Each structure stands twice: as structure tokens, then as C-alpha cells.
Amino acid sequence: MLVQPLKRWDTIIVGQGLAGTTLAWHLLEAGERVLILDPDRPNTASKIAAGLITPITGQRLALSWRVDEMLAAARAFYARVERRTGVPFFYPRPAIRLFQNDTEREIWAKRRLNDSYVKHLSVPQPDVLLDPAIGDANGGGFQMESGQLDVAEYLAVSRDHLAVGTAEIDWSRDVTFHADHVAVLGAPANRVISAEGYAATRNPFFAWLPFKGAKGDILTIRFERALSEAAAPATPSECLHRGIWIVPTSEPHTFRVGATYDWDNLDDRPSAAGRAEIEERLRDFIRAPYKVTDHNAAVRPIIRESKALIGLHPTQARLGFFNGLGSKGALHAPWFAKTLADHLLNGSEIPRDVDLRHRKEAAEYVF
Ligand SMILES: Cc1cc2nc3c(=O)[nH]c(=O)nc-3n(C[C@H](O)[C@H](O)[C@H](O)COP(=O)(O)OP(=O)(O)OC[C@H]3O[C@@H](n4cnc5c(N)ncnc54)[C@H](O)[C@@H]3O)c2cc1C
């Protein structure tokens with residue numbers, strides 16, 4: 001779709017990743033006229049993400065922030081968009097966690113004594129995978145509330161249903177603020193929202209934010225024989241975690257494996273070191289032969305660990321922000337999008353710890 005300069009939009013969103021797309025749906029559901037602008041590059045963090053929704057993560061098996069609210073918002077939202085578009089892209093999928101050592105098993109057992117964890121974690125199982133190709137000597141367990149968003153499919157379907165223009169915005173040149181509107185590439189709107197992922201580090205209006213960013217490499221692998229013969233990981237409908245994760249795709253015998261965290265080389269070029277790291281960890285516990293059929297990399301936008309930041313610019317009320325989804329985009333995007341949409345449309349409060357205007361840098365920065 002081409003940008004229609006003469007039409008007045010309620011909101012123009014810059015960026016059609018998980019953040020921008022999910023916000024657009026929420027504003028549209030509230031009756032707004034929304035335009036998204038994005039250059040539609042093939043390799044973005046959202047397009048290559050595995051889309052795993054794992055409420056409990058890390059070696060310490062930490063329960064994700066506000067997990068019940070996030071899960072409820074995510075399930076309800078993705079189901080609504082699936083109904084509206086008629087295309088499935090969200091799959092509840094139990095995840096199997098293989099314990100790497102005795103300590104992990106002990107932490108798992110201890111966590112199960114806690115009421116907030118018990119619905120997420122099965123009883124530890126000595127032989128969670130009775131499969132000779134997988135080294136599961138330490139046993140494992142099932143994470144029951146997990147799921148997977150086919151992010152690329154969700155974005156593609158949304159692009160067909162939302163008003164999306166193909167454009168890359170230069171904020172110094174293409175965006176002008178006026179008393180009663182903002183213009184983006186000449187198109188007038190009531191407000192503009194930056195949802196650019198890590199590329200927002202180039203946005204002059206948000207240069208004061210302490211972005212970190214973590215590059216992630218991810219592989220697609222194909223086992224050489226059928227699952228039943230090769231005894232490849234788990235069953236085709238489950239995700240397997242053991243330091244790294246392996247998730248099924250819709251292609252036979254084909255899985256995605258990842259991901260790395262590189263805090264220094266913040267580009268989107270697949271790296272030999274990233275591939276080597278993933279393959280080394282894969283060989284730790286999978287013995288079936290496979291081929292690498294694809295390799296991608298992108299930078300996750302991180303401002304603060306695991307929590308996005310949303311809200312209005314400290315001095316420019318027509319400029320909003322939605323960024324920093326980190327490793328939790330699939331789980332967190334719907335809750336943050338709803339919270340931001342409610343704030344923009346009804347003035348409802350954003351929790352202080354995720355409100356852009358309450359960042360200490362906002363108070364310190366001279367605009
Ligand atoms: C290897 C890897 C694996 C991952 N796995 C998972 C996972 O399993 N589960 C999970 O929840 N998360 C995962 N993530 C994290 C997830 O990808 C991010 O949380 C999420 O994609 C961030 O979405 P975003 O919309 O903020 O940013 P992005 O996906 O970067 O989207 C930003 C969009 O804005 C566009 N844009 C940028 N600048 C401009 C401009 N000036 N004008 C117009 N458009 C612009 C870009 O082209 C892009 O389309 C993974 C990330 C990586 C790298």
C-alpha cells in the first residue's frame with residue numbers, strides 16, 4: 001500500500017515488528033485509523049525469532065515478570081487476531097526441559113513447592129525422553145503453560161490486514177511536529193509512535209535512552225532421517241530446552257535451534273562464532289545427524305532486562321514509544337500494546353517502572 005498523504009490518520013506507527021504490529025491491532029480494535037510504515041526487510045529480530053513463550057526461564061528457573069497477566073493478554077489477543085484473519089499462528093506447546101545437572105533438577109523440585117510455580121512445572125521425570133539419540137541422563141520435566149507464536153506468519157498476515165506503507169523514516173527529515181498534528185512523509189496524524197526495535201538507537205528523539213541490544217544467531221537444521229528412525233528431539237509438537245532450545249517447524253524433520261547472546265557485535269550478519277556455539281551445545285545432547293539449512297541473526301532491542309518501555313516522549317506529546325521487548329517479545333507484546341493503547345486513548349496510567357516519562361534519564365536530559 002502507498003502512503004496516502006491527504007488522509008488524516010489517528011496514529012502513524014514507525015516499525016512493523018512485534019511491537020508496532022501488536023499496537024496497531026489494539027488501536028484498530030478501538031476504532032482508530034492507523035498507518036504503519038516499515039521498509040519490510042527480510043531479516044529483523046521479529047521475523048527471525050522462534051516466538052517461544054516460556055513463562056519460566058534461565059538456570060534459576062525464574063518466573064517471568066507479571067506472568068499470569070502477560071499470558072492471559074497474549075492468549076486472548078492472538079486468538080482474537082486468528083479469528084479475525086482466519087489464519088492460525090499461535091500454538092500452545094508444552095516445553096520439555098532437560099536438566100543439565102543435579103542442581104537444575106533440585107531447583108526444579110524446590111520451585112514446585114511454590115504455589116505460583118506448580119501449574120507451570122510437572123513432577124521431575126527421570127526419563128522424560130526415552131530416546132537413544134538424546135542424552136537425557138539427568139532427566140527433565142514439562143513446562144505446561146508454554147507456547148509458540150509463528151512470528152513471521154503473524155507479521156505477514158497482519159501486513160495483509162492493516163494499512164502498511166513501505167518506507168524507512170528518517171526522523172530528522174521526514175517527521176515534522178505542528179500545533180495540531182504531526183506529519184510523517186507529508187501524511188498528517190494526531191500522533192506518531194516509534195516502534196523501531198534496535199534501530200531506534202538512530203532516532204534523534206530517543207538518543208538519551210540507554211539501549212543495550214543483544215545480537216542473536218539462530219539456525220534451521222534438518223535431521224537426515226525421519227524422526228522415528230533418527231530419534232530426533234522430542235515429538236514434533238514440543239519444544240526442547242537444554243541450555244539452548246530446539247523447536248519444530250512445519251517442514252518435516254526440520255527444527256530451529258538457538259539462540260546466542262552477543263552484546264558486542266550489534267549487526268545482523270550471521271556469524272561463524274554464533275553457529276559454532278549453537279552446534280557445540282547441540283552436540284552436547286543430540287546424537288542424530290543433521291544438516292544446517294539456514295542461519296540468521298538480528299539484534300534484540302533491550303533497554304532494561306526483560307521489560308519493554310512505553311509511553312509518550314517527555315516533551316513532545318504527539319510522539320510515543322514502544323520498544324525494549326528483549327527476549328520476551330511474543331509473551332509481552334500484547335500486554336504492553338494494550339497498556340499503551342489505553343494510555344493513548346483514555347489517559348489511563350502506565351505502571352511507573354515501564355513508563356518512558358518516569359525513566360531517570362528523562363528527568364536528567366535537557367531537551
Ligand atoms: C535469534 C533471535 C531469537 C529470538 N527468539 C525469541 C523467542 O523465541 N521468543 C520471543 O519472545 N522473542 C524472541 N526474540 C526476541 C524478539 O525477536 C524481540 O523481542 C522482538 O522481535 C522485538 O520486536 P520489535 O518490534 O521491538 O523490533 P523489531 O523486530 O526489530 O522490529 C522493528 C521494525 O521496525 C522497522 N524499522 C526500524 N527503523 C525504521 C525506520 N526508521 N522506519 C521504518 N521502519 C523502521 C524494522 O524494519 C523492523 O521491521 C528473538 C530474537 C532473536 C534475535
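**Close-up views: figure legends**

**View A. His253 counts as buried, because 20 C-beta neighbours fall inside 10 Å of this residue.** For burial, C-beta atoms are placed from the backbone: a residue is buried with 20 or more other C-beta atoms within 10 Å of its own, exposed with 12 or fewer, and partly exposed in between. A word on what you are looking at: this is a predicted model, in which local features need pLDDT of at least 70 and side-chain atom pairs count only at pLDDT 80 or more, while totals for chains, interfaces and linings use all residues. Residues are numbered from 1 along each chain, as its sequence is written. His253 sits in the loop between S16 and S17, and its phi is a positive one near 60 degrees, in a residue other than glycine. The labels follow DSSP runs numbered from the N terminus, where helices are H or I with at least four residues and strands are E with at least two.

**View B. Strand S17, residues 254-258, is mostly covered.** Four of the five residues of S17 are buried. On one flank, S14 pairs with S17 in the antiparallel sense over five bridges, and Arg222 faces Thr254 of S17. Strand S16 (residues 244-248) also pairs antiparallel with S17, here over four bridges, with Trp245 opposite Gly258. Pairing here asks for at least two DSSP bridges between two strands. Look next at Gly258 and Ala259, which are joined by a cis peptide bond with omega of about -15 degrees. Ala259 is placed in the loop between S17 and H9.

**View C. Seven strands make an open sheet in the order S8-S7-S15-S16-S17-S14-S18, with mixed pairing.** Strand S8 (140-143) and S18 stand at the edges with a single partner strand each, so one side of each has no neighbour in the sheet. On average, and with direction ignored, neighbouring strands of this sheet are turned by 20 degrees against each other. S14 and S18 run antiparallel and are joined by 10 bridges; in S18, Tyr290 is the bridge partner of Phe223. Helix H9 (residues 272-283) packs on the sheet, touching S14, S16, S17 and S18, and its direction makes about 55 degrees with that of S14. Such angles run from 0 to 180 degrees between N-to-C directions, with axes as lines fitted to C-alpha atoms, for helices over the stretch in contact.

**View D. An open sheet of three strands has the order S3-S9-S6, with antiparallel pairing.** Strand S3 (52-53) and strand S6 (90-92) are its edge strands, each pairing on one side only. Three bridges link S6 to strand S9 (residues 147-149) in the antiparallel sense. Phe90 is set opposite Leu149 of S9.

**View E. The ligand lies between domain 1 and domain 2, because both give residues to the shell around it.** A residue is near a molecule or strand if its C-beta atom, placed from the backbone, lies within 6 Å of it. There are 41 residues around the ligand, and Gly15, Gly17, Gly197, Gly216 and Gly329 come nearest. Elements that each supply at least two residues of the shell include helix H1 (18-29), strand S14 (214-223) and helix H10 (329-346). By type, the shell holds 21 nonpolar, 14 polar and six charged residues. Ala, Val, Leu, Ile, Met, Phe, Trp, Tyr, Cys and Pro count as nonpolar, Asp, Glu, Lys and Arg as charged, and the others, Gly among them, as polar.

**View F. The protein is divided into domain 1 (9-47 + 152-209 + 305-364) and domain 2 (94-145 + 214-300).** Six residues of domain 1 and five residues of domain 2 take part in the contact between them. The side of domain 1 that touches domain 2 has two nonpolar, four polar and no charged residues. Contact means C-beta atoms, placed from the backbone, within 7 Å. The domain centres, taken over C-alpha atoms, are separated by 32 Å. The bounds come from an automatic or database domain assignment.

**View G. Asp40 is placed in the loop between S2 and H2.** Phi of Asp40 is positive, near 60 degrees, in a residue other than glycine. Asp40 counts as partly exposed because it has 15 C-beta neighbours inside 10 Å.

**View H. Asp68 lies in helix H3, residues 67-85.** Asp68 has 13 C-beta neighbours inside 10 Å and therefore counts as partly exposed. From Asp68 to Ala273, the separation is 205 residues in sequence and 37 Å in space, C-alpha to C-alpha.

Conventions: Two residues are in contact if their C-beta atoms, placed from the backbone, lie within 7 Å.
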